[in-house]
Amino acid sequence: MSYENLSGRTAVVTGAASGIGEAVALQLAAAGARVALLARRADRLQALVQRIRAGGGQALAVAADVTDDASVEAARHLVHETFGAVDLVVNNAGVMLPNPIDEGRFDEWQRMLDTNVAGVLRIIRAFAADLVAAGAEGRTADLVNVSSIGAHVPFPNYAVYGATKAAVTYLSQSLRTEFGPRDVRVTNIEPGLTETELKTHVDSAELSGQLDGMFEAIGALGAADVADVVAYAASRPRHVNLRQMIVLPTRQA
Ligand code: NDP
């Protein structure tokens, strides 16, 4: 797939070590964007940088933890030093740790809140000024947040994960009132079942089996299918903001 309006842009993609983030980074780089890859696993990021460079693209590995203020601040410095200001931010890092509410797994709830909500906010704080400046200079500027269909559709045992994603969807919608008038687009993407590492962090054998059953019965999107939607939204002419996109496997209700 080839896209207009991505060549020459500078992107930061969180959660680029695997799954959807990795696929987004590959597609943006293939379309001519410089891509800063942010996640915790430096080895995975380095391997992706090599892959992108081998294909003639430009990429930078930025090992950082979105749950940590200092780490995100250091990441912002490194991105600025190497690439300068960014004009496309893909807030994709996330974790899904479902469990019945009465098990009270506060450690997991906290990790989801810290990553999926506070992490998204830290990245927005780090790069908002870049986006606003790009908008003011007449360039295309995008904030893309990866939420989930779980923001709307309740699944038993996924209450806290769903709540974190509902927060992302609401945040995206609300931020358009602050960013839109300054020519910064905000796009919220809600994928359904997608084949990635996300499900491998579920530590309940029962829930993990249930998930496997869903993947088998419904069939999943590939990470590249979701990345295609991200790239499509970011490649529209700058006066067009696709604000909300739900992307599901055809068989997922
Ligand atoms: P993956 O587990 O493959 O990717 C998650 C990415 O986030 C990894 O690269 C991981 O890298 C990174 N990450 C996790 N925690 C942190 C952290 N504290 N700091 C920095 N990076 C972090 O799953 P997906 O690709 O599926 O997930 C991407 C997004 O898509 C998530 O927000 C998820 O909620 C959402 N989503 C996924 C769906 C699915 O079915 N797969 C459906 C709907 C939404 P590292 O561990 O190296 O830090």
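Select Val66 first: one of its backbone N or O atoms lies 2.9 Å from a nitrogen atom of the ligand, a polar contact in the sense of a pair of N or O atoms within 3.5 Å. The model is a predicted one, in which local features need pLDDT of at least 70, side-chain atom pairs count only at pLDDT 80 or more, and totals for chains, interfaces and linings use all residues. Residues are numbered from 1 along each chain as its sequence is written, and side-chain values use heavy atoms, with hydrogens and water left out.

Next, select Asn92, where a backbone N or O atom lies 2.8 Å from an oxygen atom of the ligand. Then turn to Lys165, whose side chain places an N or O atom 2.8 Å from an oxygen atom of the ligand. The ligand taken alone exposes 870 Å², and the protein buries 95% of that (accessible areas by the Shrake-Rupley method with a 1.4 Å probe).

Of its 29 residues, Ile20, Arg40, Arg41, Tyr161 and Thr196 come nearest. By class, the shell comprises 12 nonpolar, 12 polar and 5 charged residues; Gly is counted as polar, and Tyr as nonpolar.

Hide the ligand and examine the space it takes, which is the largest pocket. A pocket is found on a 1 Å grid over the protein atoms alone, as an open set of points with protein on both sides within 12 Å along at least five of seven lines; lining residues have an atom within 4 Å of a point. Helix 1 (19-30) and helix 5 (159-179) are the elements that give two or more residues to the shell around the ligand.

The largest pocket holds about 970 Å³ of space. It has 46 lining residues, and Gly94, Val95, Met96, Thr196 and Leu198 are the closest to its centre. Select helix 6 (205-218), which gives the largest share of this lining, 4 residues. The lining of the largest pocket has 21 nonpolar, 18 polar and 7 charged residues.

Finally, move to the cavity. The structure holds 1 cavity of 30 Å³ or more, a cavity being a set of points where a 1.4 Å probe fits but cannot get out. The volume of the largest cavity is about 40 Å³. Its lining includes Leu97, Pro98, Trp109 and Val160. Helix 4 supplies the largest share of that lining, 3 residues. The lining of the largest cavity divides into 6 nonpolar, 2 polar and 2 charged residues.

Definitions and conventions. A residue is near a molecule or strand if one of its heavy atoms lies within 4 Å of it. A polar contact is a pair of N or O atoms within 3.5 Å; within protein, one must be able to donate a hydrogen and the other to accept it, and residues adjacent in sequence count only if both atoms are side-chain atoms. A molecule sits in a cavity or pocket if more than half of its atoms lie within 2 Å of its grid points. Grid points are joined across faces, edges and corners, and a volume is the space filled by probe spheres set on the points.
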